[in-house]
Amino acid sequence: MSLRNNYFSRRFFRPLLWPTLMTLAALPVLIGLGLWQVERLAWKEALLARIEMRLHEAPVALPRPEAWKTLDAEAEKFRRVTLTGRFLDAEFHHFTQDAGGAAGYSVLSPFEVEEGAVVFVDRGFVPLPLKDAHGTVPEGEVTFTGVMREPQARSSFDGQDDPVKNIWMVRDPETMALAGGATLEGVTIAPFIVEAETGSFAGEWPQPKGARIDIPNNHLDYALTWFGLAAVLAGVYIAYHKANGRIGRERTKA
């Protein structure tokens with residue numbers, strides 16, 4: 001027998017039952033979660049690349065009101081569109097932050113693109129002190145370009161809206177329209193929002209925010225976390241068995 005074969009023939013591994021069973025149960029789960037996050041990473045990167053491409057495409061015509069009922073706002077988000085119509089005399093203030101983290105409001109105004117058909121337009125951001133002192137909506141027929149966004153879904157972390165003070169915690173046109181009074185009574189509300197692009201309107205405020213890709217992409221961190229936990233578990237398993245004399249090499253008798 002060669003020295004190499006003799007070396008390995010004297011090594012032993014006597015696994016303990018319960019630590020082995022628990023490790024065999026947990027290790028595939030941790031590795032599987034890591035692989036799943038790798039798949040999600042590829043999907044998210046493709047999504048972000050598609051959004052980035054949309055933001056650099058030429059604007060298209062706004063979908064006609066007759067198509068709104070079946071339109072998938074989620075599938076159309078970040079598409080650049082051109083709108084022509086007039087602003088109605090109403091505003092809704094969505095509590096938010098600017099790119100630097102300063103608190104303020106997004107000013108949403110109903111925009112009539114056809115008689116009885118209204119799109120909620122996010123005209124831009126105003127600081128807290130300018131909530132009710134930022135000027136009026138543009139008058140007459142206007143044409144501008146914006147980016148389509150899906151309505152914001154309310155989560156358990158969102159505060160309650162205050163229609164009396166005109167403070168809204170989520171951008172939901174249907175909910176806002178219910179507080180619009182006679183101005184929005186009987187009109188068809190688009191199932192999406194349009195964020196005005198920078199330079200769409202005259203005046204200093206509101207300031208259009210421009211399209212911000214606010215989709216987090218933390219899947220690589222999550223994948224590394226799961227794979228790291230799997231490696232730690234394997235290391236603890238081996239160290240525990242070694243400390244209990246279950247892994248080693250038999251000593252040769254003198």
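Residues are numbered from 1 along each chain as its sequence is written, and side-chain values use heavy atoms, without hydrogens and water. In this predicted model local features need pLDDT of at least 70 and side-chain atom pairs count only at pLDDT 80 or more, while totals for chains, interfaces and linings use all residues.

Reader: What radius of gyration does the chain have, against that of a compact globule of 254 residues?
Author: The radius is taken over C-alpha atoms, and the globule rule is 2.2 Å times the number of residues to the power 0.38. The C-alpha trace spans about 105 × 35 × 35 Å along its principal axes. A compact globule of 254 residues would come near 18 Å, but the chain has 29 Å.

Reader: How many helices and strands does the chain have?
Author: Helices (H or I, at least four residues) and strands (E, at least two) are DSSP runs, numbered from the N terminus. Helix α2, for example, covers residues 17-55. The chain comes to five helices and 10 strands.

Reader: What share of the residues of the chain count as buried?
Author: Buried means under 20% relative accessible area, exposed over 50%, and partly exposed in between (1.4 Å probe, protein chains only). Of the 254 residues, the buried share is 36%.

Reader: Which residues make the nonpolar surface patch of about 480 Å²?
Author: Patches take residues with over 30% relative accessible area and no salt bridge, joining like charges within 9 Å and nonpolar side chains (Val, Leu, Ile, Met, Phe, Trp, Tyr) within 5 Å. Accessible areas come from the Shrake-Rupley method with a 1.4 Å probe, and for residues only the protein chains shown count as cover. One of the residues in this patch, L21 of helix α2, is partly exposed at 41%. The patch is made by L17, W18, L21 and M22.

Reader: Why is strand β9 described as largely enclosed by the rest of the structure?
Author: Two strands pair if DSSP finds at least two bridges between them. Strand β6 (residues 117-127) pairs with β9 in the parallel sense over five bridges, V118 having I189 as its bridge partner. Strand β7 (residues 142-149) pairs with β9 in the antiparallel sense over four bridges, with R149 opposite I193. Strand β9 (residues 188-196) is largely enclosed because the buried residues number seven of the nine.

Reader: Which residue in the turn of the β4 and β5 hairpin has a positive phi?
Author: Strands β4 and β5 pair in the antiparallel sense over six bridges, and Q97 stands opposite A103. Five residues lie between the two strands of the hairpin. In the loop between β4 (92-97) and β5, the residue with a positive phi of about 95° is G101.

Reader: Which residue stands opposite H93 in β8?
Author: Besides its pairing with β5, β4 is joined by two bridges to strand β8 (residues 167-168), and these strands run parallel. The residue opposite H93 is I167.

Reader: What distance separates the C-alpha atoms of G101 and T20?
Author: G101 is partly exposed at 37% relative accessibility. G101 and T20 are 81 residues apart along the chain, and their C-alpha atoms are separated by 50 Å.

Reader: How far apart in sequence are the parts tied together by R64 and E114?
Author: A salt bridge is a side-chain nitrogen of Lys or Arg within 4 Å of a carboxyl oxygen of Asp or Glu. R64 and E114 meet in one (2.8 Å, N to O). R64 is partly exposed at 47%, and E114 is partly exposed at 29%. R64 lies in the loop between β2 (60-61) and α3 (73-76) and E114 in strand β5 (residues 103-114), so the separation of the parts is 50 residues.

Reader: Is K131 buried or exposed?
Author: K131 and D132 meet in a salt bridge (3.7 Å, N to O). D132 is exposed, with a relative accessible area of 65%. At 9%, K131 is buried.

Reader: Which residues are linked with R149 in a network of salt bridges?
Author: R149 forms a salt bridge with E195, the closest N and O atoms being 3.8 Å apart. This pair links distant parts of the chain, R149 in strand β7 and E195 in strand β9, 46 residues apart. R149 is buried at 6%, and E195 counts as buried at 9%. The residues linked with R149 in the network are D122, E150, R171 and E195.
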